[in-house]
Amino acid sequence: QPNREQLLQMAVNTAKAWNKEGARVMLRQVLSEDRRNERAMLWMAKIARSSKERRQWLKRVLDINPDNEAAKTQLKRMDYQTSAQQNRILLIFGVVVGVLLVLMVIVFLALSSA
């Protein structure tokens, strides 16, 4: 039976080998023995199934250790990506609305001059 540190290392190696389900099982075991294990939580964030789940794990790390730079950096990166995606959507929407307005003006001018 491996000790907690060995199990954590096995989980990390398993995650790196793209066996996320196997890694989750081992990381859950580590966390059941040590609910405050930041490294296990960070790895749970890395192999999370969704950005929502990833964000929850990172916030959990910061609840335990507000100074954890890895969690802070990853959350900032996620926030930036979300913001950039929203800005792209707004830009595209603005361009589409602008084109539609120009077309409406052209049609209005064409109809009023006829």
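Colleague: What does Arg 24 touch, not counting residues up to four places away in sequence?
Modeller: Arg 24 touches Met 44, Ile 47, Ala 48 and Arg 49, where contact means heavy atoms within 4.5 Å. Bear in mind that this is a predicted model, where local features need pLDDT of at least 70, side-chain atom pairs count only at pLDDT 80 or more, and totals for chains, interfaces and linings use all residues. Residues are numbered from 1 along each chain as its sequence is written, and side-chain values use heavy atoms, with hydrogens and water left out.

Colleague: Is Arg 24 buried or exposed?
Modeller: Arg 24 is buried, at 3% relative accessible area (buried is under 20%, exposed over 50%, partly exposed in between, with a 1.4 Å probe and protein chains only). Arg 24 belongs to helix α2 (helices are DSSP runs of H or I, at least four residues, numbered from the N terminus).

Colleague: And the largest nonpolar core, how many residues has it got?
Modeller: That core has 25 residues, and Leu 27 and Leu 58 have the most contacts inside it. Two or more residues come from each of α1 (4–16), α2 (20–33), α3 (38–46), α4 (51–64) and α5 (69–113). The largest share, 6 residues, is from α3. A core here is a set of buried Ala, Val, Leu, Ile, Met, Phe, Trp, Tyr and Cys residues joined through side-chain atoms within 4.5 Å.

Colleague: What is Leu 27 in contact with, leaving aside neighbours within four places in sequence?
Modeller: Leu 8, Ala 11, Ala 40, Trp 43, Met 44 and Ile 47.

Colleague: Switching topic: is Ile 92 buried or exposed?
Modeller: Ile 92, in helix α5, counts as exposed because its relative accessibility is 55%.
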